Amino acid sequence: MIEINHLVKNYGSKFAVDDISFRVGEGEIVGFLGPNGAGKSTTMNILTGYLSSTSGEAKVGGIDILENPDEAKKLIGFLPEQPPLYIDMTVNEYLNFVYEIKGCRLNREKHLEEVRKVTKIEDVKNRLIRNLSKGYRQRVGIAQALVGNPPVIIFDEPTVGLDPKQIIEIRNLIRSLGKNHTVILSTHILSEVQSVCDRIVIINEGKIIADERTENITQVVEDNRRYAVKVAGPQREVAAALRQIPGVLSVEITGERELDSYVYRVEAEKGVDVRKPVFWAMAENNWPITGLETLGMNLEEVFTKIVDRSEGKK
Ligand code: ADP
Ligand code: MG
């Protein structure tokens, strides 16, 4: 459904996108994951016809976006990083306006009502957009993308700036859209793509460094088990006792302290859950555990692991 071949975009000597290629099949939900400045927005803006490329090709439904922008754009609903909302319009006025500019031919009342229902904005349809919360505005942004019922939907960092509850709602909405659409979602949050997408394309400094099913990436990430353990007890002895536990690879004294507890960073061997042994070892010494937290990997660490792994394969 989407084909990107050897796409390049440079600004002078700076390559925002540096020869990337990937495909997205019909009905897939693909995550485009990368840190800030990786080239996600540039790629999406090219794919949706908002930006021209330096070289390479981007096709949607077999139609080249550069050669045939009007036809290609009809197949795409786009939620840019900054949704193009007119804040002095009511939600309904705005959706009608979008309906017009897209040259939509579906039954207007019925279609817009359906779009409002899917995005759960029916109850704010007569409110001015300027008076809506960020979460509702984002839904109006998504509604705008859905007008015309395009088969492909592209979201650029759809949950940035939302609170945790809104994030869950928007992710659920995107997941449900994935049932009837081909979806690309860009984000710099690993757990976001893990919870929403079938496949993950990882981009870093304008280059694709991985393109795999989500399970594979998750496996790489879970290879490593790290915990922050907070224990009320004598620092050195606690660290020594933690190091004795089978399966513990390393214990780092972080220097963080809360009342009489110190925080230790514990790394465990792959496939070993050391949490119970940690509990028993501390209990034996009468050192209460006052906190135990599993530490996720940050994106950099994930990248390093993925790059290491693919180099190991060679
Ligand atoms: P992302 O969306 O992944 O955060 P972008 O695609 O926005 O990244 O940007 C990729 C790189 O290209 C960044 O280093 C950014 O500074 C640079 N860039 C983007 N737009 C321009 C521009 N108009 N002029 C110069 N550099 C740009
Ligand atoms: Mg961006």
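A: Helix H1 lies across strand E3 (29-33), E6, E7, strand E8 (182-187) and strand E9 (199-204), and runs at about 150° to E8. Helices (H or I, at least four residues) and strands (E, at least two) are DSSP runs, numbered from the N terminus. Axes are lines fitted to C-alpha atoms, for helices over the stretch in contact, and angles run from 0 to 180 degrees between N-to-C directions; contact means heavy atoms within 4.5 Å. Helix H5 (residues 134-146) also packs on the sheet, where H5 touches E6 and E7 and makes about 165° with the direction of E6.

This is a predicted model, in which local features need pLDDT of at least 70, side-chain atom pairs count only at pLDDT 80 or more, and totals for chains, interfaces and linings use all residues. Residues are numbered from 1 along each chain as its sequence is written, chains are lettered from A and ligands numbered from 1 in the order in which they are written, and side-chain values use heavy atoms, with hydrogens and water left out.

The sheet itself is open and mixed, with six strands in the order E6-E7-E8-E3-E9-E10. Its edge strands, E6 and strand E10 (207-213), each pair on one side only. From one strand to the next, the twist averages 15°. Two strands pair if DSSP finds at least two bridges between them; E6 and strand E7 (residues 152-156) have four bridges, in the parallel sense. Within this pair, isoleucine 76 has valine 152 in E7 as its bridge partner.
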